[in-house]
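These are my notebook entries on a structure that is new to me. I record what I looked up, entry by entry.

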Amino acid sequence: MVHRREINGTELVLGNQGALWGNAMTWWDTDTGSVWSQPLGEAILGERRGARLELLPSSLSTWADWKAQHPDTLALAVESGFDGFDLETMAIVVELDDESVAAPVTELRSEPVANIDVAGVPVAVVLQPGSDTWRVFSRRLDAEVIELTLDGDELVEIGGQRRFDLDRGLGLDGGESLDLLPGFTSFPRDYVTFFPDGSFWTPGGLVPAREGG
């Protein structure tokens, strides 16, 4: 998850608070000591309680996949003893205007594009085949809403001719591009804890979080 660390023009400095809330990380801000929930991006204790940080577009990828797309990237090497993540146990969450939908990775393995609506916004959650790399795109092009599927390493419009790259949603025919939207990963049980009124996506439709978790 990537948040804009600014509230009402004030830039925050955040650190790991050290405790878990709802089985998830908490932060603290250095100027007021307020405690923040990482999944919600919201202050849950202290002077800033109720304030929320803006969630920014991001993606989760393996280093190999990232380097293949961005070969000039440099990274800080840290010997941590941890060399991967088990994406199969997680779901990709889209939260917009207090509504949310979670797409379990196990479901995306069989149907790698989830065409869904979240708070009235047409969204595509895309899992790159044979990879742990995912993206969230808007399916709105000007006033038009399209549905998407995969054709090899390209996103294609269902019933249309437009094609887009999987990395940034750029239009491959020189036309419009898809906008990247915020998304993040969560364990399904934690998603139910933080978003009990949300839904899980399946290829057959949406399931209320309380039933699908």
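**Entry 1: Asp98**

I began with Asp98, which I located in the loop between β9 and β10 (99–104). I noted that the model is a predicted one. The phi angle of Asp98 is near 65°, a positive value in a residue other than glycine. I then looked up its accessibility: Asp98 has a relative accessible area of 68% and is exposed, because the cut-off for that class is over 50%. Asp98 also belongs to a network of salt bridges, in which it is linked with Glu42, Arg52 and Glu95.

**Entry 2: Leu96**

Is Leu96 buried or exposed? I found a relative accessible area of 16%, so Leu96 is buried, the limit being under 20%. Setting aside neighbours within four places in sequence, I listed its contacts as Val118, Ala119, Val121 and Val123. I also checked Leu96 against Thr193, which is 97 residues away along the chain; their C-alpha atoms are separated by 17 Å.

**Entry 3: Asn8**

I looked for another residue with a positive phi and noted Asn8, with a value of about 50° although it is not a glycine. Asn8 sits in the loop between β2 (6–7) and β3 (10–11). With a relative accessibility of 79%, Asn8 counts as exposed.

**Entry 4: Salt bridges**

I reminded myself that side chains of opposite charge can pair when their charged atoms come close. How many salt bridges does a search of the whole structure find? I recorded 16.

I examined Arg139 and Asp117, which form a salt bridge with their closest N and O atoms 2.9 Å apart. Arg139 is in the loop between β13 (134–138) and β14 (140–141), while Asp117 is in strand β11 (residues 113–118), so the pair ties together parts that are 22 residues apart in sequence. Arg139 counts as buried at 5% relative accessibility, whereas Asp117, at 48%, is partly exposed.

I then took up Glu144 and Arg162, whose side chains meet in a salt bridge at 2.9 Å, N to O. This pair links distant parts of the chain, 18 residues apart: Glu144 belongs to strand β15 (residues 144–145) and Arg162 to the loop between β17 (154–157) and β18 (163–165). I noted Glu144 as partly exposed, with a relative accessible area of 38%.

The last pair I opened was Arg163 and Glu154, with a distance of 2.6 Å from N to O. Arg163 is partly exposed at 30% relative accessible area, and Glu154 is partly exposed at 27%.

**Entry 5: The whole protein**

I closed with the protein as a whole. I recorded 4 helices and 21 strands. A compact globule of 213 residues would have a radius of gyration near 17 Å, and the protein has 18 Å, which agrees. The C-alpha trace spans about 55 × 40 × 35 Å along its principal axes.

Of the 213 residues, 42% count as buried. The accessible surface comes to about 11500 Å², and carbon and sulfur atoms hold 49% of that area. Among contacts with a separation of 6 or more, 43% join residues 24 or more positions apart.

What are the numbers of positive and negative side chains? I noted 15 positive and 36 negative, the centres of the two sets lying 3 Å apart.

Definitions and conventions. Residues are numbered from 1 along each chain as its sequence is written. This is a predicted model: local features need pLDDT of at least 70, side-chain atom pairs count only at pLDDT 80 or more; totals for chains, interfaces and linings use all residues. Side-chain values use heavy atoms; hydrogens and water are left out. Helices (H or I, at least four residues) and strands (E, at least two) are DSSP runs, numbered from the N terminus. The radius of gyration is taken over C-alpha atoms; the globule rule is 2.2 Å times the number of residues to the power 0.38. Buried means under 20% relative accessible area, exposed over 50%, partly exposed in between (1.4 Å probe, protein chains only). Contact means heavy atoms within 4.5 Å. Accessible areas come from the Shrake-Rupley method with a 1.4 Å probe; for residues, only the protein chains shown count as cover. Lys and Arg count as positive and Asp and Glu as negative; His and the chain ends are not counted. The place of a charge is taken as NZ of Lys, CZ of Arg, CG of Asp or CD of Glu. A salt bridge is a side-chain nitrogen of Lys or Arg within 4 Å of a carboxyl oxygen of Asp or Glu.
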